[in-house]
Amino acid sequence: MTTISNPSDVTAEQAAGRLARQITAEREARGWTQATLAGRAGVSKAAVSRIERGEMSPTAVTLLRLAGAFDLTLAGLLLRAEGAGAREHERLSRAAQQPEWRDPDTGYTRRQLFAAPTHPLEAVQVTLPAGASVTLPASSYAHIAQVLWVQSGELRLTERRTPDLTWMLAAGDCLGFGPPCDVTFENPGTQPCMYAVFLARR
């Protein structure tokens, strides 16, 4: 089960339901069919249908593809699902109000440290379990500048270009992302890797 939670007032099941409804709302607001969204996101129509009905928990890659199809960051999609518009003028992100999302396939956990419609920057904290690997699509890096800071553990980051470019990162290392491409995050260590990502729209 995909877990999306705001520990202050919303259960994981409620949050997951909100996300499914928001994906449907974003699609319908654009006048798209499920097939249109599937084509733009590069996922199957069956997957879109099951996600919207709450029958399937989307992975990190699928959510990023859907957000990219809507020209949103993942944070933007999640915040809309939470109804965060009512808090759009807030510049303070309390620890208890920072939503978390967990990839059902890899255990990759994403904590939204800061995001606000009125602010140009976002901050995210990710925990990648030992031995886990996830490849995120190039579409999730379009029109965005990002810097990654490893807080603990080890991270192998590979930019999928010709040829591939691989970076070995340890605690304290920072890396600015290059031109959009598929990116693989791997934890080669025996302990979880925690890193923060700071991003801004170009």
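Modeller: Here is a walk through the salt bridges, pair by pair. Keep in mind that this is a predicted model. The structure holds eight salt bridges. Side chains of opposite charge can pair when their charged atoms come close.

Start with R27 and E28. Their side chains meet in a salt bridge, with 3.9 Å from N to O. That falls within the 4 Å cut-off for a salt bridge. R27 is buried, at 9% relative accessibility. E28 is exposed, at 52%. The cut-offs explain the labels: R27 is buried because its value is under 20%, and E28 is exposed because its value is over 50%. The pair also belongs to a network: R27, E28 and E52 are linked by salt bridges.

Now turn to R156 and E186. Their closest N and O atoms are 3.9 Å apart, and they form a salt bridge. R156 lies in strand β7, residues 154–160, while E186 lies in strand β10, residues 182–186. The pair therefore ties together parts that are 30 residues apart in sequence. R156 is partly exposed, with a relative accessible area of 27%. E186 is partly exposed too, at 22%.

Last, look at R161 and E159. This salt bridge has its closest N and O atoms 3.6 Å apart. R161 counts as partly exposed, at 28% relative accessibility. E159 is buried, with a relative accessible area of 5%.

Methods:
Residues numbered from 1 in each chain as written. Predicted model: local features only at pLDDT ≥ 70, side-chain atom pairs only at ≥ 80, totals over all residues. Heavy atoms only, no water. Buried < 20%, exposed > 50% of the residue type's maximum accessible area, 1.4 Å probe, protein only. Helix = DSSP H or I, 4+ residues; strand = E, 2+ residues; numbered from the N terminus.
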